[in-house]
Amino acid sequence: MFHGSSTTDPLSLYILSPCCMIMVGSLRVVASVFFVLLILASTVQNFCAANTNVTCHEIERQALLEFKQDLSDPSGRLASWGNNLNCCDWTGVVCDNSNGHVLELRLRNPLDPYKGFYIPSEAYAKVWFGGKVNPSLLDLKHLRYLDLSGSNFGGIIPKFLSSMQSLRYLNLSAAGFGGLIPPQLGNLTNLRFLDLHDLSSLLYVENLQWLSNLVKLQHLDLSRVDLSRASDWFQVTNALPSLVELHLSGCQLDHLPPQTNFNFSSLFILDLSSNSFSNPLIPSWIFRLKSLVSLDLSHNNFEGPLPDGLRNFSSLRYLNLYWNKFNSSIPTWLYGFRSLEFLNLGSNNLHGPISNDFGNLTSVATLYLSDNELEGVVPRSMGSLCSLKKIDLSGLKLSHDLSEVLEALSSGCLSDRLESLYLDRCELSGHLTDQLLEFKILADLSLSRNSISGPIPVSLGFLASLRTLDLSRNRVNGTFPESIGQLWKMEKLWLSRNLLEGAVTEIHFANLTRLRLFHASGNPLVLKVSPQWVPPFHLGLMGFSSWYLGPKFPSWLRYQKDFVYLDISVTGIIDTIPNWFWNLSTMFFSLNLSHNQIYGKVPEFIASSPLLGVPVYIDLNSNYFDGPLPCLSSKVNTLDLSNNSFSGPVSPLLCCKMDEPKWLEILHMADNHLSGKIPDCWMNWPNLVSIDLKNNNLSGNIPSSIGSLSLLQSLHLGKNNLSGVLPSSLQNCTKLLAIDLGENNFVGNIPAWMGERLSDIIIVSLRSNSFEGQIPDKLCALSYLAILDLAHNNLSGSIPKCFKNFSAMAATQNSSDPISYAFGHFGTSLETMLLMIKGILLEYGSILQLVTSIDLSDNNLSGEIPAEIANLLGLRFMNLSNNHLTGMIPKDIGNMRLLESIDLSWNQISGEIPPGMSALTFLSYLNLSHNNLTGKIPSSTQLQSFNISSYEGNNLCGPPLLDICSPDATTPADKTRGRKADGFEVEWFWFYVSMPLGFVVGFWIVMGPLLFNKSWRFAYFRILDRMEHKIRAVATNGR
């Protein structure tokens, strides 16, 4: 099987999606006797050619030089081409040992794109070829073998390749080509091997009829090529008589035909993974392919019990059913597959105990059971699987102490054989102990997301083979042990989100020369290294968030020129960013410098072009960056520059490189000093989902092109100086969930199209503008509306009775999912909102989905509060203050049991406070002041707990007011009838005048006789002396 990094070793690539991890696995099986002989023959021939002094033909030599001339070769892989007259001695060139004709060009990328790492490395890109493929190759009339895989050519596959009739082996996989695969490739009738698998999913076909001519084809790999248009894919591939291997992973196939007639009699390897077929069941014809040694149906939608038809594959060595919906127990016949070497049943709904019969799978080398509903004790029989090298039980409910699991697995020969152990999310507890030393050749250990506590044992440094260690998201505490630095084979080290503390020094990294991935964010660790420290490693992924790296910008970063992920957020850096930093990597997909105090400017252009089309995430928020906005690489998916000091117009960012397609989805630049008009360039950013430009100095109108953003879900332009009427084009943003235009100078009426076109909207904030006219009834159609803020405008008319149609406010909001938008690779953008709640401006984020609010305060609204508003049983905050509302408080307001805040102050509301308000047990803020309310305040713990100011300016009585109600409980009993409005103030005036006068008179009535009558004075002090003696006597007896 030719695939991946070797022409003789099989490799299966499984790429879930651009946002998912990339899983690389390998299978070493013999496809067919004939195919092996073909490989051996080619190998022998190459060996002979390499050891025979033959001279190539001049025309072929010139053809190769022309081919080289059009290539970009940054690493100089073809440096030998031209230095020697004999092209048979050039790198990658293999000649016929008898006549000197060039037979093979082996120019594949020498590096594995993953390099033991989840994301392709920059080193891989540095050795790939670019440029174009020169037609001079047509002069290589005898060329049988062409491998250009792992390059970055771009453009379409050259059509002239179809004229190279001698080709038997063609590998253009991951070569950077895109567009339509030329059907002329069907002219290569001598092909035995064709690999066009595409890591970036840029290739497609209209049909596969051209494959019908390739009757000698034995190996076909079209993985990640778009075959959605090729309805003939099954008929064509089924008719290839010599086919041994078929790889159609991730080809967007939606249906597996139920045909009973099939011709896959020679098929040994079948890979239909990652297609998400609509078939609920695996078609029966697959079970009749009894010659299969490898079957991969992972990442599809198959369901039901594990099919009995699988028992027909007695010779099966590789079975991958990962990520389906199988929902049975594991059948007993599966344990009889004595030849099975690879078994992946992960991410299904399989249930039951982990059977002791797994011990019968004596040949299995790789076993994945992760993310099922299997539970119970790990059977000791697994400890006797002497061939087992890798086991993944992640996500199973083992619910045991870690030591019990390790004891079961180390009970037999497995402790001497096991290389990889994955126990993530298994509800494990306990401590890390020296028990791990029993697994002598353990290379990969993953225990993330459990409840493991205690320190990392020093003895862990004796696991000399350890290559990967993941202890993230546990309760591991103590210090970072220096013994970790002895693990010289370590490549990936995950320690994030634990309780580690203390200092980390150069000694901890002394021998970690192979380390490529280090993620220890979320620990209060302190990195103490000298400013001249040169790290022994070259990290591709660095996660130091919440460490203390400051106050100086870490100078050792200048040596990490190969990174694709860097997170040094919240690390106490107070320094200017050095110029060299922006030149470290042009292939990063995640850069996070947020929440520091980093000064300086960003470059005019932020360049990043990660491999495989991975979207780029840049977060510089909450620093002191200043200067103009940068121009962005078109690959940037998320940009957060919020809370900095950027200034100037927005156009350098929005209107640069307008001819390139833009990937940006999240654009957050709030809380800066941006000024000028918002440019009319939004049509170039069709993928935008969230825009936040609030709290800047932007002016002018909202440009009409913003209406071209059909995917927009969140728009925040509040706290600027924007003006004019709202553009009608905004109604085209039909996916909007939140719109905040508050604290600007917008005028005109609130447009009715908001209720007609923005049917999914949840949040509308238009506060503090100059909107006028009536609140349109069309708004009542917004059934998902949870927050409506129209405060501080010039709105008039009455409150629409149809507000009762706000379904989201009528129901209890109990969702635990925050309002957010996906971004990039690793997270979500959380929707936040500033709301005036209980008289205080508060920012809501993670609990915003629980907020329901109506704020119509400070307008010119009139009429009665509609009784229908009491139907909004899920409403939590209501503010109708500072209007001209009349009538009574709705009598059924007591039904709104979730109300936490009510403000009806400064209106002309009359009548009594409804008794039902006493049932509002969640009410924590109430303001009914300055109305025309009368009568007794209803008795309840809640209403009596508010300050007097909540009721002032009315004609109310009863607690908490000091005014006692009259017998009929309608008026205060102590108020004088007919008293003028200012009488109350007059009474207080005489009270304050008489109080000091009374004090003076009372003082002299008591003290005057004592001062002027000697006998009275002596008598007074004798009384005091007697009282003193009595008190002392009582105190003495008490002891």
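Of the 1039 residues in the protein chain, 55% are buried, meaning under 20% relative accessible area, while exposed means over 50% and partly exposed lies in between (1.4 Å probe, protein chains only). The model is predicted: local features need pLDDT of at least 70, side-chain atom pairs count only at pLDDT 80 or more, and totals for chains, interfaces and linings use all residues. Residues are numbered from 1 along each chain as its sequence is written, and side-chain values use heavy atoms, leaving out hydrogens and water.

**Whole chain**
- The protein chain holds 11 helices and 69 strands; helices (H or I, at least four residues) and strands (E, at least two) are DSSP runs, numbered from the N terminus.
- Among contacts in the protein chain with a separation of 6 or more, 57% are between residues 24 or more positions apart; a contact means heavy atoms within 4.5 Å.

**Confidence**
- The average pLDDT of the protein chain is 86, and 83% of the residues score at least 70; pLDDT is the predictor's confidence in each residue, from 0 to 100.
- For residues 822-827 the pLDDT is below 50, and this stretch has 24 contacts in the model beyond near neighbours in sequence.
- Where pLDDT is low, the predicted coordinates should not be read in detail.

- Helix H5 (residues 402-409) has the buried residues Leu402, Val405, Leu406, Ala408 and Leu409.
- These residues lie on the same side of H5, because they cover an arc of only 160 degrees around the axis; the arc is that of the directions from the helix axis to the C-beta atoms.
- Strand E24 (420-422) is included in what covers the buried residues of H5.
- Leu418 sits in the loop between H5 and E24 and is buried, with a relative accessible area of 0%.
- Not counting residues up to four places away in sequence, Leu418 touches Leu388, Lys389, Lys390, Ile391, Phe439, Ile441 and Leu442.
- From Leu418 to Ala365 the C-alpha to C-alpha distance is 9.2 Å, and the two are 53 residues apart in sequence.

**Strand pairing**
- Strands E26, E28 and E30 form an open sheet of 3 strands in the order E26-E28-E30, with parallel pairing; two strands pair if DSSP finds at least two bridges between them.
- Strand E26 (453-455) and strand E30 (499-500) are the edge strands, each pairing on one side only.
- Strand E28 (residues 475-478) is joined to E30 by 2 bridges, and Gly478 has Leu500 in E30 as its bridge partner.
- Strand E52 (residues 745-749) runs parallel to strand E54 (residues 770-774), joined by 3 bridges, and Asn749 stands opposite Glu772 in E54.
- E54 also pairs in the parallel sense with strand E56 (residues 794-797) over 3 bridges, and Gln774 has Ser796 in E56 as its bridge partner.

**Annotated segment**
- An unreviewed UniProt entry lists residues 60-96 as "domain: Leucine-rich repeat-containing N-terminal plant-type"; UniProt positions are in the numbering used here, feature names are shortened, and annotations may be inferred rather than shown by experiment.
- Residues 60-96 are 27% helix and 14% strand, and the end C-alpha atoms are 13 Å apart.
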